[in-house]
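Colleague: I have just opened this structure and would welcome a guided look. Shall we go through it together?

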Amino acid sequence: MDYFPVFLDVRNRPCLVVGGGEVATRKAGLLLKSGARVTLVAPALCDSAGQLVERGEVLHVPARFSPGHLRGMVLVIAATDDAAVNEEVSVAANALHLPVNVVDSPQLCSFIVPSIVDRSPVVVAIGSSGKAPVLARLLRTRLEGLIPQAYGKLAALAGAFREQAKQRFADVESRRRFWENVFEGPIAEMVFSGREAAARHALLDVLNRGEGKVRGAGQVYLVGAGPGNPDLLTFRALRLMQKADVVVYDHLVGDGILDLVRRDAQRIYAGKQAGNHALPQGEINVLLERLAREGKCVVRLKGGDPFVFGRGGEELEALADAGIPFEVVPGITAACGVSSYAGIPLTHRDHAQSVTFVTGHLKEGSVNLDWEALVRPHQTVVIYMGVGALAQICERLVAHGMAPALPAAMVERGTTSDQRVVTATVGTLAQEAARAGIEPPALAIIGEVVSLRKRLNWLGEAQAAREEAKRGAAEIAA
Ligand code: SAH
């Protein structure tokens with residue numbers, strides 16, 4: 001190691017920042033966050049530094065730096081754009097054995113400032129020994145995604161119970177096991193989803209029972225996996241997938257997403273395709289309950305958002321009846337993912353003031369929808385599960401007064417590398433979709449907003465070429 005890593009206690013201690021620009025202001029801000037008393041030395045201040053002074057958060061000495069300014073300081077940061085001043089600060093501070101940092105000049109520093117991930121009281125510091133600060137910053141960004149925002153709250157909760165846990169679990173080994181269970185189990189997840197009171201209760205309960213293990217039924221997490229592109233998972237979904245003992249997934253959850261599940265986790269396919277239920281709903285409910293009763297961390301993974309045409313509500317009702325604890329993690333629903341990747345805004349001030357999601361699922365051979373409501377102008381209609389009944393749906397819409405020339409689109413496997421988009425009008429959509437061989441999962445978007453795709457299709461030419469090739473192949477096959 002080139003440097004000795006430490007966390008310095010500067011609370012209520014005087015620290016000096018030399019410089020009055022944006023960089024100096026940022027450094028002052030960081031010191032303030034750590035509770036330091038900050039003095040800025042600079043002949044002039046930029047706006048944001050001026051505001052810090054006005055708010056009384058820092059002291060300002062309006063002067064060029066001189067060694068006298070170091071008196072009483074415990075730490076110095078030089079952030080001026082004048083190399084001579086920076087060097088002067090470094091020399092003067094070193095003469096007094098004061099820790100000194102000169103921004104972007106490692107050779108003038110006695111300490112360097114790491115990139116940080118702040119989940120106070122937990123703080124992760126990343127340094128590259130001054131060799132590659134950008135690399136350290138990139139690593140930081142990765143860690144930001146891995147560490148839940150509420151990690152600090154979890155640490156604070158643990159801090160509050162630290163003494164009690166020490167008394168409860170006298171030997172180091174059982175204490176370690178206890179804390180590991182807290183940090184990796186349902187109690188931590190309660191904190192992450194904002195249920196701090198429940199977490200506190202659960203923690204107290206375990207302490208009172210004096211067991212190292214958080215007992216009882218497992219937990220079911222109903223997790224939305226988004227529309228298919230693994231990049232569109234939420235951080236929370238990913239974390240739970242990497243923690244699950246068992247993952248019960250349906251057919252909309254693609255391989256790319258399943259690859260991200262913890263390797264040792266059991267995977268159970270509960271797929272659902274129109275008319276081809278791998279497991280009837282009742283059996284899925286029983287399965288989830290059984291797995292949870294075995295004490296497992298169960299992730300029920302669903303395409304899109306679990307509460308949008310996902311039967312998530314039904315599964316949770318069954319769990320609630322059985323007294324199994326559960327949490328829900330939202331996902332990007334197909335309508336939102338698909339519209340973004342197709343360059344079709346769902347609302348637009350000039351075209352659509354509302355958007356309606358409906359299911360085009362056939363029941364006994366026909367679709368029953370509120371047609372009057374759907375044909376009203378200035379809205380966008382998104383139809384889930386509408387491939388089979390598309391012709392019927394478009395016909396009914398026109399019969400109820402929708403203009404046959406209204407723009408409409410069909411998007412197959414939106415957001416994935418296989419995405420295909422067919423644009424047409426309500427009058428021609430069914431025919432065009434059939435001609436292109438569109439298959440589920442696909443979503444119909446109907447409304448003036450579809451015309452915006454011409455200008456907003458950011459996926460661009462590569463995608464268009466791919467679509468064209470596939471369309472050609474479909475035509476030859478037909
Ligand atoms: N809960 C899911 C919807 C389940 S219903 C969600 O919130 O997205 C299944 C229907 O969703 C499919 O028939 C299709 O209409 C739509 N769908 C899901 N993923 C899709 C995708 N990647 N592209 C287009 N449509 C999709």
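Colleague: How much area do domain 2 and domain 3 bury between them?

Modeller: This is a predicted model. In it, domain 2 and domain 3 bury about 550 Å² between them, and carbon and sulfur atoms account for 36% of that area.

Colleague: Why quote an area at all?

Modeller: The accessible area lost when parts come together is often used to give the size of an interface.

Colleague: Where do the domains run along the protein chain?

Modeller: Domain 1 covers 14-113 and domain 2 covers 151-209. The contact between domain 2 and domain 3 draws 8 residues from domain 2 and 6 residues from domain 3.

Colleague: And what separates the centres of domain 2 and domain 3?

Modeller: Their centres, taken over C-alpha atoms, are 26 Å apart.

Colleague: How many salt bridges cross that interface?

Modeller: There are 3 salt bridges between domain 2 and domain 3. Elsewhere in the list of pairs, Glu-189 and Arg-236 join their side chains in a salt bridge, with N to O at 2.4 Å. Polar contacts between the two domains come to 5 residue pairs.

Colleague: Which element gives the most to the domain 2 side?

Modeller: Helix H8, residues 186-192, gives the most there, with 4 residues. By type, the domain 2 side that touches domain 3 has 3 nonpolar, 2 polar and 3 charged residues.

Colleague: Let us turn to the ligand. How many residues surround it?

Modeller: The ligand is surrounded by 18 residues. The closest are Pro-227, Asp-305, Val-308, Thr-333 and Ala-442.

Colleague: Which backbone atoms lie 2.8 Å from a nitrogen atom of the ligand?

Modeller: A polar backbone atom of Pro-227 is 2.8 Å from a nitrogen atom of the ligand. Gly-414 also has a backbone N or O atom 2.8 Å from a nitrogen atom of the ligand. For Ala-442, a backbone N or O atom is 2.6 Å from an oxygen atom of the ligand.

Colleague: On to the backbone. Which peptide bonds are cis?

Modeller: One of them joins Ser-120 and Pro-121, with omega about 5°. Pro-121 sits in the loop between strand S6 (115-119) and strand S7 (122-126). Another cis bond runs from Pro-440 to Pro-441, where omega is near -5°. Pro-441 belongs to the loop between helix H17 (429-436) and strand S19 (442-446).

Colleague: Why mention those bonds?

Modeller: Most peptide bonds are trans, and most residues other than glycine have a negative phi.

Colleague: What about the phi of Phe-309?

Modeller: Phe-309 is not a glycine, yet its phi is positive, about 45°. Phe-309 is in the loop between strand S13 (297-302) and helix H13 (312-322).

Colleague: Finally, what is the overall salt bridge count?

Modeller: The count comes to 27 salt bridges. One of them pairs Lys-131 with Asp-2, whose closest N and O atoms are 3.6 Å apart. Lys-131 lies in the loop between S7 and helix H4 (133-146), and Asp-2 in the segment before strand S1 (14-18), so this pair ties together parts 129 residues apart in sequence.

Notes
Residues are numbered from 1 along each chain as its sequence is written. This is a predicted model: local features need pLDDT of at least 70, side-chain atom pairs count only at pLDDT 80 or more; totals for chains, interfaces and linings use all residues. Side-chain values use heavy atoms; hydrogens and water are left out. Domain bounds come from an automatic or database domain assignment. Contact means heavy atoms within 4.5 Å. Buried area is the accessible area (1.4 Å probe) that two parts lose on being put together, summed over both. A salt bridge is a side-chain nitrogen of Lys or Arg within 4 Å of a carboxyl oxygen of Asp or Glu. A polar contact is a pair of N or O atoms within 3.5 Å; within protein, one must be able to donate a hydrogen and the other to accept it, and residues adjacent in sequence count only if both atoms are side-chain atoms. Helices (H or I, at least four residues) and strands (E, at least two) are DSSP runs, numbered from the N terminus. Ala, Val, Leu, Ile, Met, Phe, Trp, Tyr, Cys and Pro count as nonpolar, Asp, Glu, Lys and Arg as charged, and the others, Gly among them, as polar. A residue is near a molecule or strand if one of its heavy atoms lies within 4 Å of it.
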